[in-house]
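Here is a short briefing to read alongside the model. Could you keep the sequence and the 3D view open as you go through the points below?

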Amino acid sequence: MSDSSTTHPSLSRRAGAAVALVALGGAVTVIVVTLVRDPVELAVALLLLALAVAAGWAAAVGRGPRRALAAAGAFAALLGVVALPDVRTLVVSAVLVGLMSLASLTARAALGAGLGVGPATRPVGPARRGVLLMNPRSGGGKVALFDLVNEASRRGITPVLLGPDDDLRTLAEQAAEDGDVIGMAGGDGSQALVADVARRHGIPFVCVPAGTRNHFALDLGLDRDDVVAALDAFGDAAERVVDLAVVGDRVFVNNASLGVYAAVVRSPGYRDAKVTTVADKLPELLGPDADRFDLRFPWPAGADRRPADLVLVSNGDYRLDRLSGFGTRGRLDGGHLGIVAVTVDRARDLPALIAAEISGQLALFPGYRAWRSREFVVDSGQLLIDVGVDGEALRLRPPLRFRSLPGALRVRVPLGAHGRAPSPRLRRSVGALFRVLAGIPASRPTRGEGNG
């Protein structure tokens with residue numbers, strides 16, 4: 001079952017997009033018109049303006065300390081512009097600041113939750129009986145590096161350290177019986193397991209990014225470099241509801257991959273050199289003599305139904321740039337699976353795929369298709385299928401049945417966390433404004449939306 005419903009931008013959002021684009025263009029025009037008499041000074045001013053626009057945009061769409069730093073950078077760059085000999089007037093300074101402020105405010109209104117507004121949250125008080133499970137082997141030993149056992153104890157949180165012979169689900173079930181809030185300090189696979197236990201018991205979950213990549217933490221808006229700060233979610237915090245996804249009876253928080261990527265993640269050097277490993281393995285896996293992956297599934301209506309070499313099923317839509325890094329999600333509460341299928345013509349497409357991978361432009365590859373669905377089934381003639389589930393290499397018996405679990409999990413995040421994935425770059429934000437202005441739904445899949 002495919003979800004093809006989309007919400008078109010309202011008239012007020014389209015008007016906001018128009019004003020933001022005009023104001024942004026106006027800021028550039030002011031500099032060009034003012035400094036056209038001096039090309040050297042013009043070049044310096046345009047460089048400063050570019051810095052001001054980029055920093056101003058980061059300030060507009062960000063929150064917390066990074067927003068303050070970006071705002072300071074934008075102000076410093078604007079001061080540099082107005083300090084140039086031909087623009088030392090309060091009028092030009094006021095016009096530039098006014099246009100940038102107008103562009104930022106109206107862009108936030110136009111793009112809404114996709115850019116400057118975080119997800120719906122509610123304030124909650126401290127956990128009465130918080131329990132944090134910890135995997136001391138995750139992330140190269142981050143539990144010990146950040147002294148999480150003592151940090152948790154100091155906050156009144158009961159620490160539970162996972163031993164070599166312990167079963168994480170058993171410990172999580174016990175924690176859910178003893179506590180009113182449970183958390184996990186570890187990688188995404190462990191996060192998913194404990195989140196599933198929290199879901200089944202109907203209690204809130206806390207994600208502590210003590211793994212290697214911590215994609216779930218990233219999309220929750222947590223600072224992955226400040227592991228200890230995530231413990232603040234056991235105190236006064238913000239609670240939100242997010243989706244989970246399931247393959248068979250196994251819950252995942254990020255994605256499940258089949259085909260090429262599932263084979264690549266088995267490579268010993270993948271974690272240390274993702275892009276290089278993918279580029280090295282692609283000729284072996286997709287060369288003229290390589291066997292096709294036997295993956296059978298319903299394509300969206302109108303799609304070219306050639307055999308797929310890669311299938312990615314994700315808990316929500318990813319902004320997918322590379323095979324070697326699955327990007328970020330703008331939201332975790334869309335109520336659907338994101339599905340990507342990539343097909344490679346062995347005779348001609350491999351160089352283009354490698355170029356798309358290295359340049360981070362995977363979505364422009366001709367064999368790329370993306371759509372969404374609440375349910376998705378993959379079958380195969382193989383006895384077992386290699387699947388990478390939240391970064392863990394598994395072998396599962398087909399058919400594989402994927403489902404979205406909308407609003408399944410209550411998640412607590414610290415009050416200082418912005419609660420959403422990193423904001424898109426300026427180029428993408430301007431493109432998003434043009435799409436809003438044209439009335440195109442912002443959540444529209446890259447290609448191939450239809451019946452799955």
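## Charges, contacts and backbone

Leaving aside neighbours within four places in sequence, Lys142 is in contact with Leu148, Pro209, Ala210, Gly211, Thr212 and Asn214. Please bear in mind that this is a predicted model. The points below begin with that lysine, move on to the salt bridges and end with the backbone.

**A buried lysine**

- Lys142 sits in helix H5, which covers residues 142-145.
- Lys142 is buried but forms no salt bridge.
- The nearest side chain of opposite charge belongs to Asp225, and it is 6.3 Å away; a salt bridge needs the nitrogen and the carboxyl oxygen to be within 4 Å.

**Salt bridges**

- The structure holds 14 salt bridges, and a few of them are worth a visit.
- Glu239 and Arg122 pair through their side chains, at 3.2 Å from N to O.
- This pair joins distant parts of the chain, 117 residues apart: Glu239 belongs to strand E6 (residues 237-247) and Arg122 to strand E1 (residues 122-124).
- Glu239 counts as buried because its relative accessibility is 6%, while Arg122, at 43%, counts as partly exposed.
- Asp196 and Arg169 form another salt bridge, at 3.3 Å from N to O.
- Asp196 is buried, with a relative accessible area of 1%, whereas Arg169 is partly exposed at 30%.
- Arg331 and Asp333 also form a salt bridge, their closest N and O atoms being 2.8 Å apart; Asp333 is partly exposed, at 28% relative accessibility.
- Glu151, Arg154, Arg155 and Asp232 are joined in a network of salt bridges.

**Backbone points to look at**

- Most residues other than glycine have a negative phi, and most peptide bonds are trans.
- Asp147 has a positive phi, near 50°, and lies in the loop between H5 and helix H6 (148-154).
- Asp147 is partly exposed, with a relative accessible area of 32%.
- Asn214 is not a glycine either, yet its phi is positive at about 55°.
- Asn214 is found in the loop between strand E5 (205-209) and helix H9 (215-219), and at 4% relative accessibility it counts as buried.
- The peptide bond from Pro398 to Pro399 is cis, with omega near 0°.
- Pro399 lies in the loop between strand E14 (392-396) and strand E15 (400-414).

Terms used. Residues numbered from 1 in each chain as written. Predicted model: local features only at pLDDT ≥ 70, side-chain atom pairs only at ≥ 80, totals over all residues. Heavy atoms only, no water. Helix = DSSP H or I, 4+ residues; strand = E, 2+ residues; numbered from the N terminus. Buried < 20%, exposed > 50% of the residue type's maximum accessible area, 1.4 Å probe, protein only. Lys, Arg positive; Asp, Glu negative; His and termini not counted. Contact = heavy atoms within 4.5 Å.
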